[in-house]
Amino acid sequence: MITLIVNGQSRAVDVPPDMPLLWVLRDVLGLTGTKFGCGIAQCGACTVHLDGKPVRSCLLRVGALGTRAVTTIEAVGASPNGAKLQQAWLDLEVIQCGYCQSGQLMSATALLDTVPQPSDADIDAAMAGNICRCGTYVRIRQAIKNAAARV
Amino acid sequence: MTRFHKGRIVWAVFAVLLVMGCVLLWNVFPTPALGFAGEHGAIYRGPSPTGAPPELASADMVTRGAYLTKAADCAVCHTAPGGQPFAGGLAFPTPFGVLYSPNITPDRQTGIGTWSDADLLHALHDGVGKDGQRLYPALPYEAYALLADDDVRAIRAYLFSLPAVHASPPPNRLAFPFNQRWLMGIWAVMYKPAERFRPYADRSPEWNRGAYLAEALAHCGDCHTPRNLAQAPDNRAKFSGAVTEGWRAFDITPDRDAGVGAWSDAELAQYLQAGHAAGHGSAGGPMAEAVDNSFAGFTPADIRALVVYLRSVPARGDPGRPAPRTAPATEFPREALTGTDARGRRIFAGACASCHGWGGVSLITDFATLTGDRAVNDPSATNVAQMVLAGSDRRTGGGAAMMPAFGRAYSDSEIAAVANYVTARFGSAPSHLTAKDVARLRRATAG
Amino acid sequence: MPTRASAPTRRTMLKGAGVLLIGFCAPIVRTARAESAPFAPNAFVRIDGAGEVTLIMPQVEMGQGVYTAISMILAEELDADWAKVKVDHAPPDEAHYANPALGVQATGNSNSIRAFWKPLRKAGAGARACLVQAAATAWNVPPAECRTASGVVIHDGNGRRADYGSLVQRAAAITPPADPPLKDPSQFHLIGRPLKRLDTPDKTNGAAKYGIDAMPPGVKFATLAQSPVLGGKVAQVDDTQARQIPGVRQVVVLDDLVAVVGDHMWAAKQGLEALQVAWDDGPNAAVGTDEIWARLRQASARDGAVAKDAGDIGRALQASDVIAQTYEMPLLAHATMEPLNATVHVTPSSAEVWIGTQVIERVHAAVARAAGLAESQVTVHQHLLGGGFGRRLEPDMAYQAARIAKQVDGPVKVVWTREEDIRHDIYRPVYHDSLWARLDGGRIAAWKHRVTGSSVLARWLPPAFQKGVDGDGVDSAQDIPYDIPNLRVEFNREEPPGVVTGFWRGVGPNNNVFAIESFIDELARKAGQDPVAFRRAHLSKSPRLKVALDLVARESGWGTPLPPRCGRGVSVQPSFASWVATVVECQVDDEGEVALRRVTTAVDTGMAVNPDTIAAQLQGGIVFGLTAALYGEITLEKGRVQQSNFHDYRMLRIDQVPPIDVHVIKSAEAPGGIGETGTTSAVPALRNAIYAATGVPLRRMPIDRSLIAAGAKS
Ligand code: FES
Ligand code: FES
């Protein structure tokens with residue numbers, strides 16, 4: 001049994017320690033908001049927060065979590081920046097198919113938590129790891145700026 | 001022009017040739033691998049440094065042979081990518097052309113199925129094949145010549161226990177005169193030790209075991225010792241690092257900055273056994289192969305013996321090589337960059353930061369931590385570029401150490417840019433790779 | 001007439017917008033549809049006693065915003081209260097939901113709005129007529145005296161009002177009129193407004209359910225491997241080690257694939273890796289990209305089937321000054337963000353499928369075939385799609401998953417790894433285009449275009465492949481927008497050995513517009529004319545496109561000075577019944593790397609149902625096209641696809657994407673298609689921008705950086 005803290009709750013799961021967090025979230029805990037896109041940390045669809053830092057859950061072994069708390073897209077709206085970004089996403093109609101957007105929002109939230117008023121270069125650095133096959137990038141950039149501008 | 005002048009010119013030419021000849025002679029002068037260890041001394045009374053480890057003392061010959069085959073890392077060279085183990089066919093790009101490793105499974109037509117113990121002893125000790133042909137020193141018989149006869153017999157017993165694979169490697173592609181195998185006879189006379197490994201009486205049993213493992217079996221010097229013009233290891237610079245097959249084999253002498261002098265014994269042991277040591281980064285390329293195929297199977301005592309031995313070789317400081325940087329980079333990159341530096345950062349942001357982290361300390365796996373890694377502290381960035389090109393697909397005890405191979409879809413200039421960015425951001429000195437350099441590195445590893 | 005039965009179990013209220021109910025918890029079950037809803041005048045509209053309007057979506061949502069646009073059209077004519085509108089996926093039912101333009105129940109070819117524009121308006125208006133009639137009868141007034149607004153029937157004379165919910169019983173008894181009057185566009189109050197999308201709120205909080213998120217009770221997880229050589233078979237399997245992996249439940253071996261079933265995807269993946277499989281490579285073991293190209297080039301020497309012949313091309317090209325050129329497009333994978341997957345539960349007497357698909361009826365049939373059941377025994381639950389781009393116009397993933405599920409006790413979710421997804425895609429065809437033209441006094445006097453390539457239609461919709469011409473393969477070439485007196489367009493079918501080809505965002509027009517617009521730029525240069533002016537001079541019969549071209553030229557700053565090594569390129573196209581002109585501005589460096597600086601596009605797509613969605617689709621489509629132009633190519637070696645994941649099949653990332661300005665031209669014409677237009681327009685515009693910056697005329701995609709570098713230095 002491995003105990004992990006997900007979205008503020010302690011959850012015990014009976015899985016091998018080398019199992020990536022992504023599959024624990026999706027297949028064992030039923031938190032399907034975190035998406036599988038590549039499995040090799042190249043697309044960002046599986047991004048969650050580990051003690052507030054963005055991390056790709058597809059390669060993160062659940063046994064290596066220790067006491068670090070996991071936040072997923074299902075709960076990111078509880079944080080001020082998460083909520084602001086979700087609203088900015090809707091206001092600007094960023095989303096197309098939406099499959100990448102859990103990861104986009106997790107990365108964007110982590111960015112605003114680190115850099116409250118990000119420049120274009122900051123957005124590039126924080127968001128380049130998140131692929132959007134539908135090509136919503138122009139709006140993602142604008143929505144981050146809009147969210148940052150809102151107090 | 002006067003006769004006097006002519007005479008002077010003749011003399012000058014002669015002098016230049018003489019100097020060149022001396023330099024050449026000095027360069028190709030044979031230097032025994034264990035020369036630094038001094039005299040053998042009086043009679044050695046410790047346990048035998050050869051053979052399989054004591055844990056396998058009662059095991060059968062095949063099992064002991066399996067251990068020794070692993071320790072000699074035969075599989076790495078005698079297995080083609082995606083091919084059957086030991087069936088040969090791996091390409092060796094050399095400065096003189098391409099060689100292919102032979103099939104050493106017991107197949108009678110294409111392998112070594114008809115070889116006797118004596119045949120294998122002759123090959124490994126003397127560099128002469130069953131058909132009497134001279135072998136190229138791609139087979140490191142300057143090391144295997146040190147192997148104890150019993151160990152060679154055990155290795156043969158193991159190889160003969162394997163399934164025979166019917167497979168012929170492609171023919172070698174060597175240019176004249178290097179396709180003249182008889183020339184290798186001269187090479188063997190110059191560089192092959194005349195006798196098997198003999199223990200050194202005034203060294204500890206551990207040291208002697210380590211020396212046997214490193215010199216006769218693991219043949220560390222094959223990669224880590226620079227080669228002279230005759231392509232033989234130049235042991236005056238023993239273990240001070242060299243570029244082999246396009247990858248840098250690092251300085252493993254006890255020098256604190258350039259070598260492994262600053263590593264603890266435990267770190268060295270961990271690196272050898274797992275391909276990774278906290279704070280020192282991860283093995284890649286040929287070293288990762290050596291770890292996975294060979295060292296990972298060593299007993300802890302044998303690993304310790306190797307460490308003891310490594311500590312004893314002379315340190316050779318390389319003044320050009322600063323000490324590795326041990327501090328992480330900033331948590332988030334906010335410096336203003338332009339030109340190719342900016343391109344390097346962009347590529348890093350898209351393809352690398354997710355795993356390696358902007359600070360260089362991976363949140364995902366220790367294997368991906370760049371801080372302290374020797375490759376990122378190498379201002380030639382050879383291994384950084386090679387890792388980016390070829391990636392890594394290792395299964396280790398500590399989990400998968402996986403990195404995608406970016407070589408197919410990223411251009412030479414992109415790879416140069418990201419390698420330069422990585423060394424500048426995480427290493428002690430920035431590299432200045434160009435697209436041409438990367439093209440050369442690609443060629444060096446292309447079979 | 002089918003009706004909806006199951007009650008919605010999850011709803012999301014949006015401020016001031018409709019409600020979306022989707023997901024497997026509101027299953028759309030064919031058999032259940034016979035049960036009654038109070039008022040169901042046609043296949044698209046349901047209204048219950050509480051006045052809740054449920055609209056059934058005949059087209060699927062894969063990011064193009066079609067659920068919102070379809071709802072807007074229906075609600076517009078229905079005069080529904082937008083806040084009370086919910087949408088639901090349509091079940092597999094070709095009789096009611098077939099795409100009128102395709103004849104099958106499919107979402108593709110950017111035609112959702114074009115094809116359904118009339119039928120949906122009629123459906124909405126017909127339902128409205130029934131409700132009006134019901135109220136008029138109750139009030140004993142002529143229906144013509146009643147009007148409707150926001151879900152209410154109103155009689156201004158007697159001041160009576162009845163909301164739709166109160167009328168459903170009566171309305172249900174009324175047969176909808178065959179030809180109800182439609183609104184005059186000037187009365188539209190929903191259509192044309194940038195309304196908020198209905199499907200997006202759930203996509204910001206992880207609640208949206210894609211096919212890959214299906215979790216029927218007791219579901220097991222599987223992943224599969226097919227032969228690395230395309231078309232190969234399983235020869236031998238040793239599963240000893242795989243079975244020892246904790247969590248592995250079952251190993252399924254079929255003739256062409258192996259799958260490992262486990263408690264979770266990780267067990268399945270680990271199991272698959274531990275499986276020792278020997279493959280029988282089959283007939284394609286030697287196929288390589290070079291051979292594919294060689295065959296295509298050889299085939300291009302043949303005359304093709306004539307798709308269009310105007311004037312006298314034979315005479316017009318009988319001159320020594322004919323300009324000839326060829327252009328080529330590579331194989332491409334779709335790489336939808338959501339990897340292929342399908343969840344299937346097969347029992348001896350039934351099958352249930354959970355999937356996001358563009359072709360639900362084909363999935364329905366494929367699963368029935370795989371499971372050996374009658375179609376009536378199969379239920380398909382539609383989900384959201386994490387990208388379609390044409391990949392989900394194929395039912396192969398459902399078929400394979402059903403074959404696996406047939407061996408498994410209980411439901412099983414089969415998820416393709418990204419590697420399998422890319423290596424066993426149904427690829428965008430390779431094309432080789434040969435073009436010939438003659439200039440006369442700075443104008444194009446003759447033009448011949450021969451398209452050599454695979455015919456997707458011949459496989460996908462055989463009746464559409466007539467007389468050797470693939471209509472999609474010559475789309476935008478036979479209807480080239482330029483005024484050319486002598487014109488011939490030919491199609492030459494040549495299938496790449498071993499490779500199955502399929503639709504891919506833009507397909508035929510993608511290829512043709514690239515070839516045409518590249519060639520036009522080269523001709524303009526020969527004629528010594530500016531690319532915009534040259535095009536403009538040939539657009540007299542395409543006035544809408546001329547307007548778009550003028551607009552994009554103005555908005556992009558065409559002709560204004562640029563820094564060194566920068567260039568602007570333009571493309572125009574008549575594709576998908578939309579008129580699009582695009583300008584790409586880029587910069588190249590000495591190593592041939594291309595940086596995108598700016599994209600401007602102008603579109604006349606007729607009446608814009610939701611203008612913001614149109615802008616979004618163009619922006620996304622342009623990124624999709626630029627990605628292909630900069631990086632996209634699938635290659636084969638020894639029958640194996642060499643790319644596998646995003647590290648070697650690259651995607652454009654946010655830092656490479658420049659501002660993309662979209663100018664939507666106001667129009668009263670019927671709506672055109674939009675989803676693929678950006679993709680089609682971006683590729684030639686970028687190619688021409690590089691041409692302008694360096695003088696290097698790239699003639700095949702993706703761009704070749706070494707050619708650009710050589711040109712940039714000279
Ligand atoms: S699934 Fe983890 S980064 Fe793509
Ligand atoms: S919205 Fe579809 S992948 Fe980003």
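# Close-up views of a predicted three-chain contact model

Glu76(C) is buried, with a relative accessible area of 0%. The model shown here and in every view below is predicted.

**View 1. Glu76(C) pairs with Lys183(C) inside chain C.** The two side chains form a salt bridge, with N and O 2.8 Å apart. Glu76(C) sits in helix H1 of chain C, residues 66-78. Lys183(C) sits in the loop between H4 and S8 of chain C. The partners are 107 residues apart in sequence, so the bridge ties together separated parts of the chain. Lys183(C) has a relative accessible area of 14% and counts as buried, because the cut-off is under 20%.

**View 2. A salt-bridge network includes residues of chains A and B.** Its members are Asp120(A), Asp124(A), Arg141(A), Lys145(A) and Arg346(B). Shared partners join these residues into one network. Over all chains, the salt bridges number 72.

View 3. The N to O distance is 3.0 Å. Arg26(A) belongs to helix H1 of chain A, residues 21-28. Asp213(C) lies in the loop between helix H4 (164-172) and strand S8 (220-226) of chain C, so the pair joins two chains. Are these two residues buried or exposed? Both Arg26(A) and Asp213(C) are buried.

**View 4. Asp302(B) and Arg209(B) link distant parts of chain B.** Their side chains meet in a salt bridge, 2.9 Å from N to O. Asp302(B) is in helix H12, residues 300-312. Arg209(B) is in helix H8, residues 205-217.

**View 5. Chain B meets chain A.** Chain B brings 18 residues to the contact, and chain A brings 22 residues. Together the two chains bury about 1,700 Å². Carbon and sulfur atoms account for 61% of that area. Which three residues supply more of the area that chain B buries here than any other three? They are Phe332(B), Leu363(B) and Ile364(B), with 37%.

View 6. In one of them, Asp122(A) pairs with Arg334(B), and the closest N and O atoms are 2.4 Å apart. On the chain B side, helix H13 (residues 339-356) gives the most, with 7 residues. That side divides into 11 nonpolar, 3 polar and 4 charged residues.

**View 7. The fold of chain B.** Chain B has 16 helices and 9 strands. Its radius of gyration is 23 Å, close to the 22 Å that the globule rule gives for 447 residues, so chain B is as compact as a globular protein of that length. Its C-alpha atoms fill a box of roughly 80 × 65 × 50 Å along the principal axes. Buried residues make up 53% of the chain. Among contacts with a separation of 6 or more, 66% join residues 24 or more positions apart.

**View 8. The fold of chain C.** Chain C holds 18 helices and 29 strands. Its radius of gyration is 27 Å, which agrees with the value near 27 Å for a compact globule of 714 residues. The C-alpha atoms occupy a box of roughly 80 × 75 × 45 Å along the principal axes. Of the 714 residues, 65% count as buried. Among contacts between residues at least 6 apart in sequence, 76% join residues at least 24 apart.

Notes. Residues numbered from 1 in each chain as written. Chains lettered and ligands numbered in written order. Predicted model: local features only at pLDDT ≥ 70, side-chain atom pairs only at ≥ 80, totals over all residues. Heavy atoms only, no water. Contact = heavy atoms within 4.5 Å. Buried area = accessible area lost by both parts, 1.4 Å probe. Salt bridge = Lys/Arg side-chain N within 4 Å of Asp/Glu carboxyl O. Helix = DSSP H or I, 4+ residues; strand = E, 2+ residues; numbered from the N terminus. Nonpolar A, V, L, I, M, F, W, Y, C, P; charged D, E, K, R; others polar. Rg over C-alpha atoms; globule rule 2.2 N^0.38 Å. Buried < 20%, exposed > 50% of the residue type's maximum accessible area, 1.4 Å probe, protein only.
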